[in-house]
Amino acid sequence: MKEPKLSCRNVWKLFGSGGQAFLTEHGHAPSPDDVARAGHIAAVRDASFDVHVGEIFVIMGLSGSGKSTIVRCMSRLIEPTAGEILLDGQNLLACSEDELIELRRHKMGMVFQHFALLPHLTVLSNVAFPLEIQGMDRARRETRAREVIELVGLKGREDYFPRELSGGQQQRVGIARSLAVEPEIWFLDEPFSALDPLIRREMQDEFLRLQQLLNKTIVFITHDFDEAIRLADRIAIMKDGEIVQIGKPEELVIKPATDYVAEFTRGVTRAKVMTAATVMSPAQSDVSFGGDVAPGARIAEIAGRIIHDDKPYAVRDSDGHLLGQLDREAIINVLADEG
Amino acid sequence: MALSPAWAGWLAVLGILSILWYLAGEYRWLTQYPQDWIIPLRYWISDFMRWLVREASFGLFTFRELTRAFAWLLDIPLQACLHLLAHGIVLPLGEGGLRLPPLPWIGVLSAMVYLAWRVGDRGLVILVGCSFGYLVLFGQWQSAMVTLSSILVAVPLGVVAGAGLGILAYRHRSVEKAITPILDLMQTVPVFAYLVPVLFLFGFGPVSAMIATIIYAMPPMVRVTLLALKTAPVEITEFGRMAGCTSRQLMWKILLPASRHSLMVGVNQVIMLSLNMVIIASMIGAGGLGHDVLTALRRLAIGSGLEAGLAITLLAISLDRLSKATAEYQAKPARLRGRRGPLASVSIGVGMIAILAASYLVGTAMPSLAVFPQQFAVSTGPFWDELVRLVNIHLYDYLDAFKSTLLIYVLIPIKRALMEAPWPGVALLVGFAGWRLGGPRLAVVVTLLVLFIAITGNWRNAMISVYLCGISVIIATAIGIPVGILGASSERMHRLVQAIVDTLQTLPSFVYLIPVVMLFQVGEFSAIIAIVLYALAPAIRYTDHGLRGVSPEIIEAARMSGCRPWQTLAKVRLPLAMPAIMLGVNQTIMMALSMLVITALVGTNDLGQEVYIALTRADIGHGIVAGVCVAFIAIVADRLIGAWADRRKRLLGLT
């Protein structure tokens, strides 16, 4: 099993004064009614989860569900009322202000919904800004900035000001800026929500491309369930400050924990979520295969090939071990099983 | 139909007020606050100030030494500017010293035009060229350079001090809480009132005038800075923290640069207010153009007053437009600034210095070029004086009839009625209004403010102020709101109205007095007209702005329901714009009160006159108390209207 990079342990965030005393009084398990009666607003209730090294962990919820609050608790932009945030086993909440600044300078990067670019700086200076803050000299930081700008496909726009760029381009700058310090943890707070649908799709592809290159540990916030299943290794669904279910996209679709989750997954095209590994049957030894697919491949991507072939396909992991086989009927079942 | 409790309350209060009014004939103490009951606050303040100046000491040095040291420090840059621009300097070299002349007019003129050419368009070049040309041609140069010197020193100091206070208030809630009421008071206390203590602490002279200017011009900068920092996008702050900024880096590298546009508005305000202060500051020794206007006004030499007043106005407009254009220029991406790229700003500074230096060398070599020949100077003074004489001879009967009719049938009856207003009744009415509009807290505050005016013995004077101000505000809104409605009717009208309002707001308040006195001589009537002219701008601006702010969807809905244009206006746009319009009325009241004090110069009998008298006699206590009373009238009006507008906005869901 992969080791956790960042963990939340029983994190609470209450707005309103005297939150800590209130939680102690109720043994860290007040009911929603208790909270309401005390005049607090619980933005995050008792959230616990691990984010593993190199995974894309998506926190999905509607507005007011507490998803933005929890990502800010994880970087201590907002001070949690109770709980622990562990980064590589070190409790962030015990860090001094100076330690925190060091951590943020070198280990964390964040992308914001409305880009948060500095209007008075050019693209180049914006991207180089986090390095400038660390005191890196101009030549080095600008070299590094040019590298990341090229990485996100904005070469040639270095001397533009943010307001001269389109929304999509501005967010590319935001992404480049957050990557300039080579962070270990990458927070993205609804990065594509402010963009048009077409651009959003393009940016999602771009994001996946970058992640293949960089393999960061990612916490990605969104209110768009389609975006979540498209990008996530695992999804946490939040409602009213509580984490309702955590799981792989297909687990949410196949076994929704509550009606609330089921409501989201109802409209989802199953073939886009289910992977070869879930649908495959045990491999028979005497068949000849039409081809190979990876266990993580989504059915929608491979359906065309398998359906038009007489032979079943082999599911093999990256080392070439045979894990199972996929035949036409199984695929058709998935495709036909639409709510 | 049953009477709602609110209306019953209003009726009861008005009933009590009328009874008290009626009884006032019987019991004089109701209208004339008894001498014995007056709290001698003004004497306490005077005594305290005397103690401060004569005896207060910090051990190592006395308070007086501190203020003198402060003045000495500020005098250094001011003298430098004065020598450079206006007087030249005599160096103790050789026999009789070596006299170095000031910068020649042609150099300063060229440098300003060069700046306008680099940062602005052709219009700005023409404006700046003509304005500075006017200063030269009409013989105003020397005075204008004195004024410009004090502006050049006061503005940066005001901006830095204001921004510093704003930052401090942003960082510490306690500082913010402490300075907000002071700022409120400073923006409503008439300027004359704090001229007195400045005069007392720093003496008579250009430095005191400059200190008063800075104090007067600084509050908007504090407010703008605080507001800009507070309204900076949350995400930007969050980004800064995530990038690992220390709190200093967050302030200097993120918050301040990111809100530089708002900060420039503050800088612009400081420039305009400093110029507005030019004439008033000359009462405590500023010299320059302000001094020229003031002496002309006192001698009733309309012509020369008008010329010097116009010089201040042109200086104000030029500096206003130049500073705006410079700000816009710096905000422009370097790529679009032309081939000089990022070094453009530096090159402009170098260019200006080069022009000044070259002209200085030429001027020193050929002194005849450095001074504009007197015989070419133009003056229209005699023309204006002649015109006024003509107007007074030929139109006197009509103007006088107009003035007398208004005075006899409208103004004096209203004044009488207000003079008879019983102070307990007025306090009750104001308190009740406060309670209805904003709750018990507001009620207590406004009642106390009204009572303060009574118990410090300023009741009658205050009532005259209320009368002058009230009439002026009514006239100003009666003119301003229709003009604003006109402005909102079409894009062309909007631009026209905007231009008028901009001009009205750039004129220093004193300038309004000149033509009015020309036509109507001194007296309350002239005062009212000057106040109306000065206070007109916000009524127009806010009406126009409020009507334009009504959501187009709602207007479309009204039109689709079959409203005629006037129905749309009366039934949809005006009600929705009302909170904005009322804020405009509020601004009008504030401006009327600040002008009120200035009209003391043309002979009124109100609080403003008291402050002015206190200034001439250096009677600190009286000046401050009367000034604070004016401020309290302003605050009462402001709080009541503000509470009403807030409530209305909440009801309309506009917040």
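How are α24(B) and α25(B) oriented to each other: parallel, antiparallel, perpendicular or oblique? I opened the notebook with this point and then worked through the remaining packing and contacts. I note at the outset that the model is predicted.

**Entry 1. Helices α24 and α25 of chain B**

I looked up the axes of α24(B), residues 509–520, and α25(B), residues 524–549, and found that they come within 9 Å and cross at roughly 140 degrees. Angles over 145 degrees count as roughly antiparallel; α24(B) and α25(B) are therefore oblique to each other. I recorded the crossing of α24(B) past α25(B) as right-handed.

I then listed the residues that meet. From α24(B) they are S509(B), Y512(B), L513(B), V516(B), V517(B) and F520(B), and they face F525(B), S526(B), I529(B), A530(B), L533(B) and Y534(B) of α25(B).

**Entry 2. Helices α25 and α27 of chain B**

I followed α25(B) to its packing with α27(B), residues 565–598, where the angle is about 160 degrees and the axes are 7 Å apart. The pair α25(B) and α27(B) is therefore roughly antiparallel. The contact of α25(B) with α27(B) holds 17 nonpolar, seven polar and two charged residues.

**Entry 3. Helices α6 and α12 of chain B**

I turned to α6(B), residues 141–171, and α12(B), residues 260–276. Their axes come within 10 Å and cross at roughly 135 degrees, which makes α6(B) oblique to α12(B). The crossing of α6(B) past α12(B) is right-handed.

On the α6(B) side I found I151(B), A154(B), V155(B), G158(B), V159(B), G162(B) and A163(B); they meet L263(B), G266(B), V267(B), V270(B), I271(B), S274(B) and L275(B) of α12(B). I counted this contact by class as 10 nonpolar, four polar and no charged residues.

**Entry 4. Domains of chain A**

I checked the division of chain A and found domain 1 (4–107 + 183–268) and domain 2 (272–336). The centres of domain 1 of chain A and domain 2 of chain A, taken over C-alpha atoms, are separated by 33 Å. Five residues of domain 1 of chain A are in contact with five residues of domain 2 of chain A. On the domain 1 side, helix α10 of chain A (residues 249–254) supplies the largest share, three residues. I classed that side as four nonpolar, no polar and one charged.

**Entry 5. Contact between chains A and B**

I examined the interface and found 20 residues of chain A in contact with 18 residues of chain B. On the chain A side, the elements giving two or more residues are α4 (97–106), β6 (108–111) and α5 (123–134) of chain A. Of these, α5(A) gives the most, with four residues. This side of chain A divides into 12 nonpolar, four polar and four charged residues.

**Entry 6. Confidence**

I looked up the scores last. The predictor gives the complex an ipTM of 0.83 and a pTM of 0.79. Chain B averages a pLDDT of 84, and 96% of its residues score at least 70. Within chain B, confidence is highest in α6(B), at 92, and lowest in helix α17 of chain B (residues 367–370), at a mean of 68.

Notes:
Residues are numbered from 1 along each chain as its sequence is written. Chains are lettered from A and ligands numbered from 1 in the order in which they are written. This is a predicted model: local features need pLDDT of at least 70, side-chain atom pairs count only at pLDDT 80 or more; totals for chains, interfaces and linings use all residues. Axes are lines fitted to C-alpha atoms, for helices over the stretch in contact, and angles run from 0 to 180 degrees between N-to-C directions. Angles under 35 degrees count as roughly parallel, over 145 as roughly antiparallel, 65 to 115 as roughly perpendicular and the rest as oblique. A crossing is left-handed if the near helix is turned anticlockwise from the far one by less than a right angle, and right-handed if clockwise. Two residues are in contact if their C-beta atoms, placed from the backbone, lie within 7 Å. Ala, Val, Leu, Ile, Met, Phe, Trp, Tyr, Cys and Pro count as nonpolar, Asp, Glu, Lys and Arg as charged, and the others, Gly among them, as polar. pLDDT is the predictor's confidence in each residue, from 0 to 100. Domain bounds come from an automatic or database domain assignment.
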